[in-house]
Amino acid sequence: MVRKADKGDVQAIIKLLHQVNMVHHVIRPDLFKPDTTKYDEQELEALLEDESKPVFVFDDGQVLGHAFCVITEVKDDKLLQNIKTLYIDDICVDEEARGKHVGTALYEHVRDYARTIGCNNITLNVWEGNAPALCFYRNMGMKVQKTTMEIIL
């Protein structure tokens, strides 16, 4: 089942954050350091209190996946339409649970949550070279919104 994460999930989420970081490190070792996470335990506990950044976990007796979200809203901008967006900052399925529909359950829960809070869309980033993630998101109905390009000097 997918539910909102709580402080009791911190250790399991840290383990998943290590896994997702290593996926990124393998793809882009020039950008991502190995054997670390984007949040430490204290930062993660504080984040779990922030209603504008909900974190969901897939729990079947143990946490097998997470989805970090960020809710943003544009209002009365000179150029942009008013829009409420749910950005999926990080989604990870434990490497031992991949292929068991954990990612689908997390994604569908996040999609349904976004609808209930009045979001217009869901966005996320996928690193070039992460073909399994790109395929998964396309299967979930997502399409390219914009492309970020770079040149390494």
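I began with helix α3 and noted that, on its other side, Arg115 and Thr116 are exposed; the model I am reading is a predicted one.

I then listed the residues of α3 that are buried, and found Val102, Gly103, Leu106, Tyr107, Val110 and Ala114. They cover an arc of only 130° around the axis, so they lie on the same side of α3. Looking up what these buried residues pack against, I recorded the strands β1 (2–4), β2 (55–59), β3 (63–74), β4 (83–93) and β5 (121–124), together with helix α4 (131–139).

For the geometry of α3, I noted 15 residues, 102–116, with 21 Å from the first C-alpha to the last, which is close to the 21 Å expected at 1.5 Å a residue. Just after this helix, I found glycine 118 with a positive phi of about 85°.

The side chain of glutamine 11 makes a polar contact of 2.7 Å with the side chain of glutamate 41. I also checked glutamine 62, which is 51 residues away from glutamine 11 along the chain, and found their C-alpha atoms separated by 11 Å.

My last entry concerns threonine 37, which I located in the loop between α1 (10–27) and α2 (41–47). Its side chain reaches the backbone oxygen of tyrosine 39 at 2.6 Å. Leaving aside residues up to four places away in sequence, I noted that threonine 37 touches Ile14, Leu17 and His18.

Methods. Residues are numbered from 1 along each chain as its sequence is written. This is a predicted model: local features need pLDDT of at least 70, side-chain atom pairs count only at pLDDT 80 or more; totals for chains, interfaces and linings use all residues. Side-chain values use heavy atoms; hydrogens and water are left out. Helices (H or I, at least four residues) and strands (E, at least two) are DSSP runs, numbered from the N terminus. A polar contact is a pair of N or O atoms within 3.5 Å; within protein, one must be able to donate a hydrogen and the other to accept it, and residues adjacent in sequence count only if both atoms are side-chain atoms. Contact means heavy atoms within 4.5 Å. The expected span of a helix is 1.5 Å times one less than its number of residues. Buried means under 20% relative accessible area, exposed over 50%, partly exposed in between (1.4 Å probe, protein chains only). The arc is that of the directions from the helix axis to the C-beta atoms.
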